[in-house]
Amino acid sequence: MSGKTVFSGIQPSGELSLGNYLGALKRFKDFQGANDSLFCVVDLHAITVRQDPAQLRQRTYSGVAWYLASGLDPAQCTLFAQSHVSAHAELAWILNTFTQMGELERMTQFKDKAARHKHNINAGLFAYPALMAADILLYDTHEVPVGDDQKQHIELARDVAERFNGIYGPTFVVPKMVAPKAAARVMDLQDPTSKMSKSVDSLGTVFLHEDEKTISKKIMKAVTDNEGMIRLDKDKQPGVYNLLAIYAACHDQTPEEALAQFTGKGYGDLKKAVAEAVVTVLAPVQARHKELMADTAQLDAVLAAGAAKARARANKKLAEVYAKIGFTPRQG
Ligand code: AQP
């Protein structure tokens, strides 16, 4: 063990996308073993947008299966569902009281989702970052491997940790975000100025379960520009930049290294190479995911063992927080 604690989560709020894979999932296996690592299917977060119960259950199993298929080994990490460890919800309540309305109002994810779900702008959606801070702070997390879209939420978790520590003395580790070197924000293939979203079912999102033909078709139809030159210019050529970033992430390269391979080539060549890279990277993961989904009892067992491990340490941290705040000790 390196002594570092790592935590990350994925919401079962839709079928997982290529953005989830390259920005988060793909890297998780590199954090297990040498680190103390925890990975969570954050189902409490998912219900900030209305979910169909049967679909939520299915997607939670699917999320665990994607974690395992991406190389996580429950013997080397703690893999669990957020709702199985009640300390998450309890600490979130406490942290709500250390989070200002103004801070939550500034969150771009809240603004985006409130605009997309006008009929259901609930208090949970608003307070989402306090629950995310609880997820992270409960385990004395040092590093949070996430995509770029989570930057604001991690900064808020850091501020809340520092605020609490400032009042009650050192309690929480102040966590740090770890972004991937490429594809920290995979963009929508049809609108490369927007994030690729798992909850937007369009030609612009590649879902992890899709077959080779569908994935290739979506990538070949990706929006580019009229410049006719493959360059790394995020502002002027966001579509081309996105394709290069996806290619780079699939090959564990930086976007600059990927660019060097397309000198003198056209957009068609680039798209073909990206499609091939994505299909190749996903094929073994998809095959393993399919196998794992055939045995949900096994997935339940993984979740039960993970929750038992997580619960023990989360409850300890929660007791420390409760004592500092001035709650009387729980008897029994
Ligand atoms: N497009 C992306 N590029 C890079 N990383 C991404 N992540 C998500 N989208 C991209 C990373 O995946 C992890 C889990 O994300 P999440 O489940 O918290 O949220 P989401 O996929 O953004 O999906 P939502 O919130 O259910 O709905 P939509 O899709 O509508 O926004 C995180 O590490 C995240 O950074």
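## Where α10 meets α12

In this predicted model, the α10 side of the contact with α12 is made up of Val240, Leu243, Leu244, Ile246, Tyr247 and Cys250. Facing them from α12 are Tyr267, Leu270, Lys271, Ala273, Val274, Ala277, Val278 and Val281. Sort these by class and you get 13 nonpolar residues, 1 charged and no polar ones.

As for geometry, α10 covers residues 238-250 and α12 covers residues 267-293. Their axes sit 9 Å apart, at an angle of about 35 degrees, and α10 goes past α12 in a left-handed crossing.

## The α6 and α7 pair

Now for α6 (residues 108-116) and α7 (residues 123-137): here the axes come within 10 Å and cross at roughly 160 degrees. Angles over 145 degrees count as roughly antiparallel, so that is how α6 runs relative to α7. The crossing is right-handed.

On the α6 side, the contact uses Gln109, Phe110, Lys113 and Ala114, and these meet Leu125, Phe126 and Tyr128 of α7. That gives 5 nonpolar residues, 1 polar and 1 charged.

## Around the ligand

Which atoms of the ligand pair up with Arg116, Val186 and Gly19? For Arg116, a polar side-chain atom lies 2.3 Å from a ligand oxygen atom. Val186 uses its backbone instead, with an N or O atom 2.7 Å from a ligand nitrogen atom.

Technical notes
Residues numbered from 1 in each chain as written. Predicted model: local features only at pLDDT ≥ 70, side-chain atom pairs only at ≥ 80, totals over all residues. Heavy atoms only, no water. Axes fitted to C-alpha atoms, helices over the stretch in contact; angles between N-to-C directions. Helix = DSSP H or I, 4+ residues; strand = E, 2+ residues; numbered from the N terminus. Parallel < 35°, antiparallel > 145°, perpendicular 65-115°, else oblique. Left-handed = near helix turned anticlockwise from the far one by under 90°. Contact = heavy atoms within 4.5 Å. Nonpolar A, V, L, I, M, F, W, Y, C, P; charged D, E, K, R; others polar. Polar contact = N/O pair within 3.5 Å; in protein donor to acceptor, adjacent residues only side chain to side chain.
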